[in-house]
Structures are given as structure tokens and as C-alpha cells.
Amino acid sequence: MEQLKQQAIIVGVNLLNRPDFSYSMEELGNLAAACEIEVVGELTQKVSRINASHYLGTGKIQELSALIEEKDASVVICNDELSPSQIRNLEAALDRKVIDRTILILDIFADRAQTKEAQLQVEVAQLQYMLPRLVGLRESLGRQGGGSGLKNRGAGETKLELDRRKIEERITALQTELEKLVAQRQTQRKQRRKNEVPVVCLVGYTNAGKSSLMNAMIDSFNPRAVKQVLAKDMLFATLETSVRSIHLPDRKSFLLTDTVGFISQLPHHLVKAFRSTLEEVTEADLLIHVVDSSNPEYEQHIAVTVETLKELGADQIPTIFAYNKSDLTEHEYPQVQGDCVYLSAKHQSGMEELTRLISDRIFLNYMQCEIVIPYDQGRLVAYFNEHAHVQTTSYEESGTRLKMECRVTDFEQYRGDFIQL
Ligand SMILES: Nc1nc2c(ncn2[C@@H]2O[C@H](COP(=O)(O)OP(=O)(O)OP(=O)(O)O)[C@@H](O)[C@H]2O)c(=O)[nH]1
Ligand SMILES: [Mg+2]
């Protein structure tokens, strides 16, 4: 068992003065911490082009070598996704293990994945990340063996070909298994659709407070009935979607979905692997884009989230912005400004304002009415009890009297069968 924490130097290349560069380095440190790696030093370089062979320029590599010696670091972590040859060349130059941002994120996801589906998705993403890097390895082995041309395949090369095929087979097997799980969940989702319960999805940057907001909503409206979700001050606390039914005082209800958070430079393979989980997002009736408004980089986080939603094909869905953690800012809260609501999940403040915004968006085609349904139309009473929000029921000579809020379409369809008051 490894007792000592690994010690790492984090390294970043600031390409064309990226405005979010220093924050992205801080985030890299947080990602390392989430992997139980201790950051003992940092090195950055401003460039107009990333060094294609070594990621860093020659001078910087010497500087890094000295820093590694001084801090006695065992790992170097780079802030971008490196190419197979960049990793190989850097490792050779530094004589240390070199990893990149993508590997860190994949490791965290692998560590945190709880459900079978999440575990399969992460493994697919990891294998897909590895595949091209195997090819890189083969090239270097080929050179060592001195083999050239197709006829002279070195032993190493053949073995790697085999490994490669094994990995490809494993990916296919995992994907088949995944498809089955996804099909199951789709059936569940279709069932919900049939019940016509609107679906509201919490999305946003990692650590923005999505899970906390979900819990605050549960606490405000259904304190006893529903289980809370995990909320924690760490990156990627949530890796699976969880769905809870929220029942409002006016007897309307909707489904609230908590999802995995986004991050800048989210590895492409991971987005692809998690696409099925995130399908919940693309099928939502409304998104609540949760923003950590106390983070100085929150505008950048909004941009990253919007970009990721676009990649998922969810950018056309109506969206409300929840400026969370307002308790840490100067902004007055709770307060509604257009499509934005300033609130604090931690202090459970702003839940009613948020709910009002949500209701305005998802219960659009409803109307308030009072009707009497003749006793020979008893099935209609049952129908409205299931599909409308019945407020009071009383029994009169001419039939069952309902005061309710129902869909305009339902009202129109059955208006010949009841008496409108
Ligand atoms: N001060 C303050 N802290 C908050 C508020 N909402 C959430 N937090 C804290 O922010 C941290 C992250 O909260 P989570 O709810 O786990 O965030 P998340 O968006 O679900 O994060 P991931 O699942 O990792 O994407 C936790 O430490 C929360 O206690 C708030 O309104 N005010
Ligand atoms: Mg969460």
C-alpha cells in the first residue's frame, strides 16, 4: 500500500494570454487534490504556439527539471490534453511520470462512479483515451527494434496490435452492455412522458451548487417524502443523474433532475461516453442553469456550460438562470430579474421565487375552471383527477363538481361532456 501522497508540479502553457488562464491553473490544482495528489509547485509559460513535440519550450523544460529536483516531485501534471508523443518526449526529458488534465478528470470520474452505467461509461472513455496512445507506444518500440516496413513486424509491435484489438473488443462489449442499460432508462423516461409530468433539469458548472439546490427544493416542498442527494465541496461530486418528484402546494408537480457538472476542457471522450446520461438534459422541458455567482470566473463558467449544452444539442431548451451562493456576494437576494433569480441554496432562500419562475414556464397551457360532471360521465372525474390539479371536489344533484386547474387542450376536448360554471 502506498502511504505517501504523490507530489506533483502543475504545469500550464498560457496560449495567447487566455483570460481564464490563472483560474484554470487553480482548477487544475483542485483536480489534482481530488485525486489525492499534493501540488508542491507550479510552472507556467506564455506562448503564441504550443510546442508540438514537448508541450513546453526547451528553456522551460530545464527550469522544470530544476524545480522537480528542488521540490522532490514525482509527477508532472499538464493543464492541457497532451498528444501521445508530447507525453513520451516530456517523460524522457524529465525522467518523471507526466500526466495531463484529461487523465485527472478520467481518474476522478472512475473513482466516483457509483452506478453500473456510470462505471461502464467511464471505462469506455478511459479505453478510448488509451487507444491512440498505444499507437504512439508502438512507434517507439518499432524504432527500438529497428524493424521497418510491413513485413518486418517486431515482436513488440505484434503484441501491441493484439492489445489494441483486445481493447477495441472490450470497448464494443462495454458499449453493448451500456446500450441495454440505456434502453431500460429510456423505457422509464417514456413512462414518465406518458404521465405528462414536466421535466426540469439542473445543469451547470461543477461545484455551482446544483445538488444543494435540489436538496433545498426537496426540503422546501417535500421535506419528509423524498431522499436528499449528495452535495459536497469537491469537483464532480455528482456523476449520475437523480430524479425527484417535486409536489407544489397548488398540487401541480414536476420532476427535478440533478446532473453531472461541466468543466472547461471537459475531455471529449467523456462527453461522448456520458451522452446517454445527459440525454435527460436534452429531453427536459426546462433547464435551470445553476451559476456560482460568488466565483469571480462565473461568466466564463456560464460560457463553458452553454457551449457544452450546445454540443449535447440542448441549447434550444428554455432556460432559467439561478444565481446561487448569493449569500457570498453583495447582490440582494432573493430577487428575480427577468429570467434570472438570485438565491442561496445553502440558506434555502429564493426557493419560492425560483418555483414561481419554473411554474410560469412549464405550466403554460393550464387554465383555472369550475365544472360539474354528470354522474353518467364518471370516467371524466377519474381522468381529471389523474391529469389535472383538482382543488376541491363536491357532489351535487346534477353531478360531481370540480374546481381545478387543467390543461386547456383537455378542457377543449371534453367541454361537450360537462357543464361549465
Ligand atoms: N455559501 C454557499 N455555499 C453553497 C451554496 N450552495 C452550495 N454551496 C456549497 O457549494 C459546494 C458544492 O455544492 P454542490 O451542490 O455539491 O455542487 P454541484 O453543482 O452539485 O457540484 P458537482 O456535483 O460536483 O457538479 C458545497 O460545499 C455546498 O455546500 C450557497 O448557496 N451558498
Ligand atoms: Mg452535484
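## Close-up views of a predicted model

View 1. Helices (H or I, at least four residues) and strands (E, at least two) are DSSP runs, numbered from the N terminus. Among the buried residues of helix 1 you will find Phe-21, Tyr-23, Met-25, Leu-28 and Leu-31. Their cover includes strand 1 (6-15), strand 2 (37-47), helix 4 (101-112) and helix 10 (298-312), where contact means heavy atoms within 4.5 Å.

This is a predicted model, in which local features need pLDDT of at least 70 and side-chain atom pairs count only at pLDDT 80 or more, while totals for chains, interfaces and linings use all residues. Residues are numbered from 1 along each chain as its sequence is written, chains are lettered from A and ligands numbered from 1 in the order in which they are written, and side-chain values use heavy atoms, leaving out hydrogens and water.

View 2. Glu-36 sits in the loop between helix 1 and strand 2. Its phi is positive, about 65°, although Glu-36 is not a glycine. Most residues other than glycine have a negative phi, and most peptide bonds are trans. Glu-36 counts as exposed because its relative accessibility is 55%.

**View 3. Around ligand 1.** Of the 23 residues around ligand 1, those that come nearest are Lys-210, Ser-212, Ala-237, Thr-238 and Asp-327; a residue belongs here if one of its heavy atoms lies within 4 Å of the ligand. Look next for the polar contacts (pairs of N or O atoms within 3.5 Å). An N or O atom in the Thr-206 side chain is 3.0 Å from an oxygen atom of ligand 1, and for the side chain of Ser-211 the distance to a ligand oxygen is 2.9 Å. Lys-325 has a polar side-chain atom 3.0 Å from an oxygen atom of ligand 1. On its own, ligand 1 has 660 Å² of accessible area, and the protein covers 89% of that (Shrake-Rupley method, 1.4 Å probe).

View 4. Four strands line up in the order 13-14-12-15 with antiparallel pairing, where two strands pair if DSSP finds at least two bridges between them. Strand 13 (389-395) and strand 15 (419-420) are the edge strands. Strand 12 (residues 366-373) and strand 14 (residues 400-407) are joined by eight bridges, and Tyr-366 stands opposite Arg-407.

Key:
Buried < 20%, exposed > 50% of the residue type's maximum accessible area, 1.4 Å probe, protein only. Polar contact = N/O pair within 3.5 Å; in protein donor to acceptor, adjacent residues only side chain to side chain.
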